[in-house]
Amino acid sequence: MAKNDELRYGAPGENSVHICVDMQRMFAESTAWKMPWLPRVLPNVVSVTAAHPERTVFTRFIPAQKPGQGAGMWRRYYERWGSMTIEELGPEMIGLVQVLAQFVPPARIFDKHVYSPWTGSDLHEQLRMARVDTIIITGGETDVCVLATVLGAVDWGYRVILVTDALCSSADETHDSMMNIYMNRFGQQVECVTTETLLGSWPGSARARLVSQR
C-alpha cells in the first residue's frame with residue numbers, strides 16, 4: 001500500500017500539466033447533475049489553477065444538443081437525461097464556473113462528448129508534442145469523468161498526481177470508494193496528495209517560492 005499525501009517521485013517538473021475536469025456551470029448550479037459540494041473544493045481548484053494558469057487545461061463535458069441524440073447507448077442516456085441537453089439547459093450552462101473562466105487565457109479549454117478526454121481526440125498527441133510527462137488532476141466527478149481521465153493518463157504512461165481535496169462528486173459513498181481505489185489499487189501509478197502538498201513542491205507556484213525562501 002502506498003503512502004498518501006506524498007510526492008513519491010519528487011516535485012512536478014516543468015513538463016507538468018494541470019487538467020481540471022469539468023468544473024462547469026451545469027454541475028455547479030441547480031440542475032439534475034448538480035454536485036452539492038463543488039463550492040467546498042472550488043477554492044483549492046482555484047489555487048492549483050492560479051499557481052500555473054499557463055499549464056492548465058480545462059476539460060468540458062459537452063452533452064447532446066437535444067433529448068435522444070447520441071450513438072448507441074448514449075441515445076438512451078440522453079432520453080433519460082433529456083433535461084441535461086444543451087437545448088434544455090441553454091448553451092451558457094456548459095461554460096466554466098466564472099471564477100475559473102477568468103484564467104482563460106492563458107489556460108485553455110478542451111471539449112469532449114464522452115467521459116474520457118482521451119477518446120476520439122488528439123489530447124495525447126498535443127501533450128506529447130509539448131513533452132508533457134506529468135498530469136495533475138482536479139475537478140469532478142471523482143467516480144465518473146475524473147476516473148476516465150485518470151485511467152487514460154495511466155494507460156498512456158503519464159505520471160498522475162491526483163489532488164485529493166480538489167475533487168468532488170454528487171455521491172459521497174462512491175467518491176469515498178473511488179478514493180480508496182486510487183490510493184490503494186492504483187498506488188504505484190497514482191500519487192494522491194493535498195493541495196498544500198502539491199503547491200509546496202510545484203516549481204514556480206507562489207507557495208513553492210515561499211518554501212524555498214525559508
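The model is predicted; local features need pLDDT of at least 70, side-chain atom pairs count only at pLDDT 80 or more, and totals for chains, interfaces and linings use all residues. Residues are numbered from 1 along each chain as its sequence is written, and side-chain values use heavy atoms, with hydrogens and water left out.

The chain has 10 helices and 6 strands (DSSP runs, numbered from the N terminus: helices are H or I of at least four residues, strands E of at least two). Its C-alpha trace spans about 55 × 35 × 35 Å along the principal axes. The radius of gyration is 17 Å, which agrees with the value near 17 Å for a compact globule of 214 residues (C-alpha atoms; the rule is 2.2 Å times the number of residues to the power 0.38). Of the 214 residues, 50% are buried (under 20% relative accessible area, 1.4 Å probe, protein chains only). Among contacts between residues at least 6 apart in sequence, 77% join residues at least 24 apart (contact: heavy atoms within 4.5 Å).

UniProt, in an unreviewed entry, places the feature "domain: Isochorismatase-like" at residues 17-188; such annotations may be inferred rather than shown by experiment. This stretch is 38% helix and 19% strand. Its end C-alpha atoms lie 20 Å apart.

G140 counts as buried because its relative accessibility is 3%. D22 is 118 residues away from G140 in sequence, yet the C-alpha atoms are 6.0 Å apart. Beyond four places in sequence, G140 touches V21, D22, M23, M35, C145, V146 and C168.
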